[in-house]
Amino acid sequence: MSREIEEIGEDSKISTIKDAETNDVYVVVGKNDLYVVQWALDHAVSPGFRVCLVHIFPTIKYIPTPVGNLSRSQLSKEQVQVYINEENNRRKSLLVKYIRLCNDAKVPVDTMLVESNSPAKALLDLIPVVNITSLVIGNRPPRSTRLVKKGQDIGEYVQKNAPEFCEVKVVSQVQQPKQSCDLRQPEITRNFLECICFSRKFD
């Protein structure tokens, strides 16, 4: 079943998902979350289920240059696009180890990139958009205390404020699973990388 997710910008309103699938387990991943993906594969995924890796990254406001960090408005469109392409490639490389882990477990996997400076708010708003019924996230400190209370991590905040139809599991790191040394190119079930943008709306 195909699924379409529209890009959400600062002037867009959240709409309902088309052809949502309830057998998807959404796993939030950052730089070092192999243990989160492994936990989801061991405890949240049943036969016929699919994993969707969700990676949230901040909005690009400044770009590093030989003379220091410059705002996007100080650079040409071509220079900005070059940096954006580099960042996109870096994110794809980051997801490779998680995709390979799912491939090794014979579990179908998709990926989703979400641009937002407020990960907790972005996740909460994403849940009804994509009709997420199962979400797995690791313990991680907030980037900002504007939304998440002091002493409360993003996972706990999302778990507390998620709608009732979505089960949120917060995973603590116990043991980092060993990373495969297999250098084969991992397979994404449907060869695409979705990107949803949450910009000024959540600043």
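1. Basis of the note. The model is a predicted one, in which local features need pLDDT of at least 70 and side-chain atom pairs count only at pLDDT 80 or more, while totals for chains, interfaces and linings use all residues. Residues are numbered from 1 along each chain as its sequence is written, and side-chain values use heavy atoms, with hydrogens and water left out.

2. Overall fold. The protein has four helices and eight strands, which are DSSP runs numbered from the N terminus (helices H or I, at least four residues; strands E, at least two). From the N terminus on, the order of these elements is β-α-β-β-β-α-β-α-β-α-β-β. Of the contacts (heavy atoms within 4.5 Å) with a separation of 6 or more, 76% join residues 24 or more positions apart.

3. Burial and surface. Of the 203 residues, 46% are buried, where buried means under 20% relative accessible area, exposed over 50%, and partly exposed in between (1.4 Å probe, protein chains only). The protein exposes about 11,600 Å², and carbon and sulfur atoms supply 48% of this area, as computed by the Shrake-Rupley method with a 1.4 Å probe.

4. Nonpolar cores. A nonpolar core is a set of buried Ala, Val, Leu, Ile, Met, Phe, Trp, Tyr and Cys residues joined through side-chain atoms within 4.5 Å. The largest has 25 residues, and Val-27, Val-37, Leu-41, Val-51, Leu-53, Tyr-98 and Val-136 are those with the most contacts inside it. At least two residues of this core come from each of β1 (24-28), α1 (34-43), β2 (50-57), α2 (77-104) and β5 (109-115). A second, separate core of 24 residues includes Val-28, Val-114, Ala-120 and Ala-122.

5. Val-51 and helix α1. Leaving aside residues up to four places away in sequence, Val-51 touches Val-25, Val-27, Leu-41, Val-45, Cys-102, Val-107, Pro-108, Val-109 and Asp-110. In α1, the buried residues are Leu-34, Tyr-35, Val-36, Val-37, Ala-40 and Leu-41, and they pack against β1, β2, α2, β6 (134-138) and β7 (167-171).

6. Cysteines. The structure holds zero disulfides, a disulfide being a pair of cysteine sulfur atoms within 2.5 Å. Cys-52 is buried, with a relative accessible area of 0%, and Cys-102 is also buried, at 0% relative accessibility.

7. A buried aspartate. Asp-24 lies in strand β1 and counts as buried because its relative accessibility is 2%. Its side chain makes a polar contact with the side chain of Arg-50 at 2.8 Å, such a contact being a pair of N or O atoms within 3.5 Å, of which, within protein, one must be able to donate a hydrogen and the other to accept it, with residues adjacent in sequence counting only if both atoms are side-chain atoms.
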